[in-house]
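Thanks for making time this morning. Please take a look at the model on the screen, and then I will go through a helix pair and a sheet.

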Amino acid sequence: MLSLSRHAARRSAIRSWRAHHSAPLQLNSVTEQDLAHFAKILPPSAILSTLPPSSLSSEDLDQYNSDWMRKYRGTSTTVLKPKTTEQVSEIVKWCNERRIGIVPQGGNTGLVGGSVPIRDEVILSLSNMSKVRSFDSVSGILVADAGCILQSLTDYIAPHNHIMPIDLGAKGSCQIGGNVATNAGGLRLLRYGSLHGTVLGLEVVLPDGTILDQLTTLRKDNTGYDLKQLFIGAEGTLGIITGVSILTPPAPQASNNVILALPSFKNVLPLYEIVKRQLSEILSAFEYIDRASYDLAVKHGQGRALSDEDVEGAECFVLVETSGGRREHDEEKLADLLESLLEAEEPLINTGVLSQSPAQFSSLWALREGVTEAVSKEGKPYKYDISVPLSSFQDVVDGTREHLKSRGLLGDHAVKYVVGYGHVGDGNLHLNVVAKSYTPEIQAALEPYVYEVVASHRGSISAEHGVGAMKTHALHYSKSDVSIAWMKKIKEIFDPRGIMNPGKVLE
């Protein structure tokens, strides 16, 4: 099976995924009658379909039916692109009555198959809902349509000296509604916390078409159940987020970063303790990159932060960012930190490079953010976004590599690299297995092995990417039977006909 062609291997992976989600959902396919009804709600340009009277081919819908990694693929015949919450409501109401499955789709940048159909559900794209509804430059509260692209929101509030509390590598494509629906983490969580804290209110279309308007701009509201929290991270299985109210922090007046080369992973945690203590309130990121991740990023042109001489002998790297109110103060703190690290009797680092300009600042971040792209350029990535104790990061990566080696799968014929990088500040490790192609053998070797390792550390099988379709079968490794049972009860209350993003999160 290892000799499968690239396309045959991809088809095999898709078949395996569909077989796992083969239980009958008792949902109906979109018909010409349904299209006629949708035409009463939306203009012709907002309906894309392969059904008559439309003349589109299945290839025309490929970007909606396939995920970003081209690992998951559905067979939807129809994509609807509403522009208003009322249009979403009318569409959902009809689909609920007709029992047609709906897959809400934002920028489709997810990594767990959560935003593409399993079969032929209708795809409801939020891309046309892209208006900023309001922004208060005093409070920093932004209210926006769910389809607003994260980078566009960043650019919108920048002149008002505010930033978005979330920053992702896919910020040029991902949408704020999808960010909230998946409770995306990203690079700023250490400083600004998760979306469970920064999202103030939501507007959601429920599975029966009812509009739940909790789009408050209040920071304090202690009146009963906080229903919005149910939709943050629910991945569109309880309703469709159409509007978001979010608290944006003031833009830092000075941002600096430094990349540190470490001789050993065992130095990461003591280094983190020192960095937290010395940088204190201005610390905004502490990112870990193992040597293999660094080398791949450099190989594929994502930047070169250190000279060959500085890299020599480094087992891993740490990127530290500061965000403060006065550049001179922050630079002095960073300089003092570097000096104390390099002059210690037993130095925790080999060397460090401090950015000296905005271009160098961006270059250092490009190195860290570019690891994801580099991995995809190198081969077919199996991505595991997990939470484990910080002390276990390297053990998990090394253990996975040895496990694959014991199965005869380590080498250019199968798995080329096993790498790890992530957010030390919140215990999130991105374990990436880079293979020549997706094959059943590699899949079987990785699962349930990776999930069992996570469970042994009482960790999470998904730190920030979500469950989607990829991890529904593995939910029990992170959630107890009682927790899963109550999740299913909540799903049944909100969506008794099972139309909302079927086959995702819960089996």
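This is a predicted model: local features need pLDDT of at least 70, side-chain atom pairs count only at pLDDT 80 or more; totals for chains, interfaces and linings use all residues.

Is the crossing of H10 and H13 left-handed or right-handed? The crossing is right-handed, in the sense that the near helix is turned clockwise from the far one by less than a right angle. Residues are numbered from 1 along each chain as its sequence is written, and side-chain values use heavy atoms, with hydrogens and water left out.

The axes of H10 (residues 268-279) and H13 (residues 327-342) come within 10 Å and cross at roughly 145°; axes are lines fitted to C-alpha atoms, for helices over the stretch in contact, with angles from 0 to 180 degrees between N-to-C directions. Helices (H or I, at least four residues) and strands (E, at least two) are DSSP runs, numbered from the N terminus. On the H10 side, Leu271, Ile274, Val275, Gln278 and Leu279 meet H13 residues including Lys333 and Asp336, where contact means heavy atoms within 4.5 Å.

Turning to the sheet, its 4 strands form an open arrangement in the order E1-E2-E4-E3, with mixed pairing, and two strands pair if DSSP finds at least two bridges between them. The edge strands, E1 (47-49) and E3 (102-105), each pair on one side only. E1 pairs with E2 (residues 78-80) in the antiparallel sense over 3 bridges, and leucine 48 stands opposite valine 79 in E2. Helix H2 (residues 32-41) lies across E1 and E2, running at about 160° to E1.
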